[in-house]
Amino acid sequence: MKIYLELNGKQRYEEVAPGESLLSLLRRLGMKSVKQGCATGDCGACTVLLDGRAVRACTVFAPQVRGRRVTTLEGLGDVDDPHPLQEAFVEAGAVQCGFCTPGMIMVAYELLSRNDNPTPEEVREAISGNLCRCTGYVKIVDAILLAAKWKREGKWR
Amino acid sequence: MEVGLKRRSAVGKNVRKVDGLSLATGRPKFALDIDIPGALVGKILRSPHAHARILSIDASKAEALPGVACVLHCGNVKRIPFTTAGQGWPEPSPYDTVLFDSKVRYVGDQVAAVAAETEEIAEEALKLIKVEYEVLPAVLSVEEALAEGAPVIHDEEDSQGIYDAAHNIAAAVDIPVGDIERGFAESDVTVEEICEIPYSQHTPIEPHCVIAYFDEDGRLVLRTSTQVPFHVRRIVARALELPMERIRVIKPRVGGGFGSKQEVILEPVAAALALRTGRPVRMALDRSEVFISSRTRHPMRVRVKLGAKKDGTLHAIEMEATSNTGAYGTHALTVLSNVGSKTLPLYNKAPHLWFHGKAVYTNLPVAGAYRGYGATQGYFALEVAMDELAGRLGMDPVELRLKNHIRAGETSPIFEKIGEGREGVPMVVRSCALSQCLRVGAERIGWDEKRKSPRREGPWAYGVGMAVSMQGSGITGVDMGAATIMMNEDGSFRLLVGATDIGTGSDTILAQIAAEVLGVPVERISVYSSDTDFTPFDVGAYASSTTYVSGNAVLRAAQEVRRKALEVAAGMLGEPAEHLELADGKVISPRTGKSVTLSEVGHRATYVADQKHIIASASFVPAESPPPFAAFFCEVAVDTETGIVRVERFVATADCGVPIHPKLAEGQLEGAIVQGIGHALTEELLFSNRGRCLNANLFDYKIPSSLDVPDVEVVLVDSEEPTGPLGAKSIAEVGINGPLPAISNAIYHAVGVRLTRAPFTPERVLSALRQGRRLG
Ligand code: FES
Ligand code: FES
């Protein structure tokens, strides 16, 4: 079947299979930031925004996003024009292998869009469904708090 | 050393991680992030039995399924014994593995592989392969494996290097120093502890994956998530009888490894499928396969007996390790050896030592390299025993460590006795800030105060515990890393290294080392790493080797390039090279004040006079393996009603020499400690009585989430390692050895029971509390 969706601000009309996951669709469309760590909804590496809400792309069927707005990490910024959250992750040393990073940044984006002054506990709560095996989370929390500070200072676009 | 340590333009700074922004913006940098047109999908059929002989395989139905390109199994693939251990050649691991064997040795063992047009077709094809098994009695514990008349797991004729196949012993060690009997007889106090570590798994968030394809000349390219690209090339060449020059291995960004990707597991299968079909093949383990069929930590039982004089001086140490290597013996001997070799030298005051042990085959998943590599198992028992000894002596645990730990300028006979599966080399420790680590850590957590008065709030009992550890920096006389640096005419540089950045940040710190020597900002150095066609050799990312071994290679190459650039500048400035200085992208004559830019030097050498490429390569083989040291302090809360243990605070202080990039060094420590907390509290693979894994997913096998661990506090206590690149030692592994004993010791302080079997689950804590003292 073919469905319309809005992907990173662009209208797309794409062929999808009924049982296909959103994770598979997005990677097929070149959004390689969407990572597969488990395919069972347990790691958060595939997190994207669906109408602004963080979801695990491996647990959503592609046909379910018909007519909806999907944002992946590619939609936030790129190397030449990074989003402040992306900058903050680098600045704080929150990127080790970087495999969990896309999912982490997407949940952080959702958190900061509703609360630009979170406590460290609120940050830990928000990212608790996203597993990182490299960092021990310390610098990921730092990065999100740093990005929040920049947001409060009006440094976000 | 040519470069003054004081100046430091790049080293010791938190420069931007060179790949940080491209990762944070999601550039397609990982193995499976590229699309190769026409690629087939590879899948593996796995054994449902723990131990069985394959009587027949009928793949005809699978082969007939539209979209299936080929099926490989023991009936159509040549039998060549090899080891999957990604170690230097000759590997100190037995050649006890073949790609597709006629016998399976654990639930999850490799039976056949399929390549098909889509994943769905491949899955369907697996179901159509008919395998007839003769089920054999399975050996599901070390005790069963060692029992008289136990089934023999490796009864094949063609394996090599197994210690005693008939008795299921993959490897054994026996290292006496001094006279252990006399040592204990002369001791005033002796204590003994037995600690056990279960099956645990690395769980890198990126599963093992590879794409095999052919380049325009028909050479086989493996783009793979590995820690050991050069070993992959050699081992694939052996397993498939291919000439090495027909293989190129590319290591893109890797989504974590921790030792699990120091194994050559998927690459030979993908390569075989690609060669058989003539088509590209992509493969990835699913998460349950990562748990069951990649590699795990060696489950181990370690018994430690300590003898000490009244004043606390250690006099005798016996350590016995019984390791479960699972179905294959990859890393069996070296992990076992490291249990002693990375722990006993820490307490070098004891003249009488005995380290002995066995690594035993069972019909369970295959253990392999895992961060800590035996030291984690050894320190658990050793540091719990030290805590017990301190109690018995009425001494503060910190004081006991201060009294006994090795110092700079000292040595241990163990360095010489135990090496990489053979004898080691004598070595004097040249840098050691462990005393300071102990003091800083104790101060930071409020040790004296908290130790005196354990808190109690309702059912919650609070306590503090501590432990210390050391590791090494590379493998002496075995590891080799090489680097090439070339200068571009604009005065920027290209750094080529075989060193394998698996998320550790080694590309960044190696660029920092080069930048420091070459007097340019890190941004002027572009790094390309780990491609067997284009970078020089490196053993890869393991044994905490990269900073020290590869870093020293980069240092030497950079010094040579610097010398050559200064020579060209000498001609331009009319002064001898020895009188010139290199800084901020310029060569300056302090005498005349004249200078030329590196860009002018580069243009001259490239296009104008006495033309040559300013380029140099260097290799480094470590003659020593300087240990990093760490001290760990933690505070726990134990719910005496439910048995739940919460880690309230965790402080770690570490001496990794001069930290080239402090934030990356801290990150290594923080990550290792959180993995260690996972080992201590939750992580354990469970098996049915037929050897089937019961919790091979990230929901049931719980690694720590952000809510399960505190904000780990780390402090880097600098020392300066004279043999290290610009003073540096390693940091990647030392941190994982601390949490198990430190948490166990803190629980003991809180509630007076010793937890000696990891993980310290609520059931085990409760049961220990009920028994009043210990859980054996
Ligand atoms: S891949 Fe979707 S949650 Fe792990
Ligand atoms: S940075 Fe590697 S999993 Fe998070």
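**View 1. Burial of Phe291(B) and Tyr701(B) in the predicted model.** Both Phe291(B) and Tyr701(B) are buried.

**View 2. The aromatic pair of Phe632(B) and Phe650(B).** With ring centres 6.4 Å apart and planes at 65 degrees, the pair is edge-to-face. Because Phe632(B) lies in strand 25 (residues 629–639) and Phe650(B) in strand 26 (residues 645–655) of chain B, the pair ties together parts that are 18 residues apart in sequence. Phe632(B) and Phe650(B) are both buried.

**View 3. Arginine side chains over tyrosine rings in chain B.** The charged end of Arg297(B) sits over the ring of Tyr370(B), at 4.0 Å from the ring centre, and Arg455(B) lies over the face of Tyr462(B), 3.9 Å from the centre of that ring.

**View 4. The largest pocket and its lining.** The largest pocket has a volume of about 1,300 Å³ and is lined by 40 residues, of which Ser24(A), Gln36(A), Val41(B), Glu119(B) and Arg282(B) lie nearest its centre. Two or more lining residues come from each of helix 1 (22–28) of chain A and strand 1 (40–46), helix 3 (119–128) and strand 12 (281–284) of chain B; helix 1 of chain A gives the most, with four residues. The lining comprises 16 nonpolar, eight polar and 16 charged residues.

Note on methods
Residues numbered from 1 in each chain as written. Chains lettered and ligands numbered in written order. Predicted model: local features only at pLDDT ≥ 70, side-chain atom pairs only at ≥ 80, totals over all residues. Heavy atoms only, no water. Buried < 20%, exposed > 50% of the residue type's maximum accessible area, 1.4 Å probe, protein only. Phe/Tyr/Trp six-rings, centres within 6.5 Å; stacked < 30°, edge-to-face > 60°. Lys NZ or Arg CZ within 6 Å of the ring centre and 35° of its normal. 1 Å grid on protein atoms, 1.4 Å probe; cavity = no way out; pocket = protein on both sides within 12 Å on 5 of 7 lines; lining within 4 Å. Points joined across faces, edges and corners; volume = space filled by probe spheres on them. Nonpolar A, V, L, I, M, F, W, Y, C, P; charged D, E, K, R; others polar.
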